[in-house]
Amino acid sequence: GVNYGLLVNYLYNDMAYAGASMVAVFVYLAVQLSSLFLALCGILEIFLSVPLAFAVYSLLGFRYISFLQFMGVFIIMGIGADDIFVLADAWKQSAQQPPAISGSLETRFAWAYARAATSMLATSFTTCAAFAACAISPIWDIKCFGVVNACMVLADYLLVITWMPAVILFD
C-alpha cells in the first residue's frame, strides 16, 4: 500500500522549500528594488497568480490536480520576479530620458509602461505558448501541468501590467 506518512513528510519538505524560495525571492526583490514595500507587493503579485491560475484551470473544466502542478510555484517565482525587474528597470530608465519623456509623471509612466509591457508580452506569450503546448500530451499529468502553468504565466503577466505599475507609482 501507500505509505501516507512518508508522502506527508515529502509534502512538508517540499512546502518548506517553496517557503524558503519565496523568502529568497522576496529578499532579492527588496535588495534590487531598494524597497520593502515594492518587494512585498511584488511577492504578493507573484503569489496571487497561483490561485488565479487554478481558478481559470477549474473554469476550463479540469478537475485533476497532481503534485507536478505545484512545481509551477517555483517556475512562476522566477518569471514573476523577472517581470517585476523589467518594469522597475524601465521606470528607472524613464527618469534618465530627455525632458519630453522624463518631464512629467504621465510621460515617464507612458514610456516605461509601453517599453516594459511590450518586452514582457513577448516573453510571457512564448512561455505561455510553450506550457499550453503540453495540452496535447496524452500523459494526463503533463497535460494538466502545462495548462495550469500556462494559466499562471498569463495571470502573472496580467497582474504585473496592472497591479505593479500602480504600486510603483504609489511608492
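**Close-up views of a predicted model**

Phe54 and Tyr57 are both buried. The model shown in these views is predicted.

**View 1. Phe54 and Tyr57 form an edge-to-face aromatic pair.** The ring centres of Phe54 and Tyr57 are 6.1 Å apart, with 80° between the planes. The two residues are three apart in helix H2, so about one helical turn separates them. Ring pairs also join Phe54 and Tyr57 to Phe62, Tyr64, Phe70 and Trp140 in a cluster.

**View 2. Phe37 and Phe170 form a tilted aromatic pair.** A search of the whole structure gives nine aromatic pairs. In the pair of Phe37 and Phe170, the ring centres lie 5.7 Å apart and the planes meet at 50°, so the pair counts as tilted. This pair links distant parts of the chain, with Phe37 in helix H2 and Phe170 in helix H7, 133 residues apart. Phe37 is partly exposed, at 33% relative accessibility, while Phe170 is exposed, at 66%.

**View 3. Asp171 lies in the segment after helix H7 (163-170).** Setting aside neighbours within four places in sequence, Asp171 is in contact with Ser35, Phe37 and Leu38. Asp171 and Ser35 are 136 residues apart in sequence, yet their C-alpha atoms are 8.5 Å apart in space.

**View 4. Helices H1 and H3 are roughly parallel to each other.** Two packed helices are described by the angle and the distance between their axes. The axes of H1 (residues 4-33) and H3 (residues 72-94) come within 11 Å and cross at roughly 5°. By class, the contact of H1 with H3 has 13 nonpolar, two polar and two charged residues. On the H1 side, the residues include Tyr17, Val25 and Leu29, and on the H3 side they include Phe74, Ile84 and Phe85.

**View 5. The largest nonpolar core has 44 residues.** Val25, Leu29, Ile46, Tyr57, Ile76, Ile84 and Met120 have the most contacts inside this core. At least two core residues come from each of H1, H2, H3, helix H5 (105-132), helix H6 (140-160) and H7. Apart from neighbours within four places in sequence, Met120 is in contact with Asp83, Val86, Leu87, Phe125, Tyr157, Val160 and Ile161. In soluble globular proteins, nonpolar side chains tend to be buried together.

**View 6. Ser49 sits in helix H2 (residues 36-59).** Ser49 has 0% relative accessibility and therefore counts as buried. Not counting residues up to four places away in sequence, Ser49 touches Ile76, Met152, Ala155, Asp156 and Leu159.

Definitions and conventions. Residues are numbered from 1 along each chain as its sequence is written. This is a predicted model: local features need pLDDT of at least 70, side-chain atom pairs count only at pLDDT 80 or more; totals for chains, interfaces and linings use all residues. Side-chain values use heavy atoms; hydrogens and water are left out. Axes are lines fitted to C-alpha atoms, for helices over the stretch in contact, and angles run from 0 to 180 degrees between N-to-C directions. Helices (H or I, at least four residues) and strands (E, at least two) are DSSP runs, numbered from the N terminus. Angles under 35 degrees count as roughly parallel, over 145 as roughly antiparallel, 65 to 115 as roughly perpendicular and the rest as oblique. Contact means heavy atoms within 4.5 Å. Ala, Val, Leu, Ile, Met, Phe, Trp, Tyr, Cys and Pro count as nonpolar, Asp, Glu, Lys and Arg as charged, and the others, Gly among them, as polar. Buried means under 20% relative accessible area, exposed over 50%, partly exposed in between (1.4 Å probe, protein chains only). A nonpolar core is a set of buried Ala, Val, Leu, Ile, Met, Phe, Trp, Tyr and Cys residues joined through side-chain atoms within 4.5 Å. Rings of Phe, Tyr and Trp (its six-membered ring) pair if their centres lie within 6.5 Å; planes under 30 degrees apart count as stacked, over 60 as edge-to-face and the rest as tilted.
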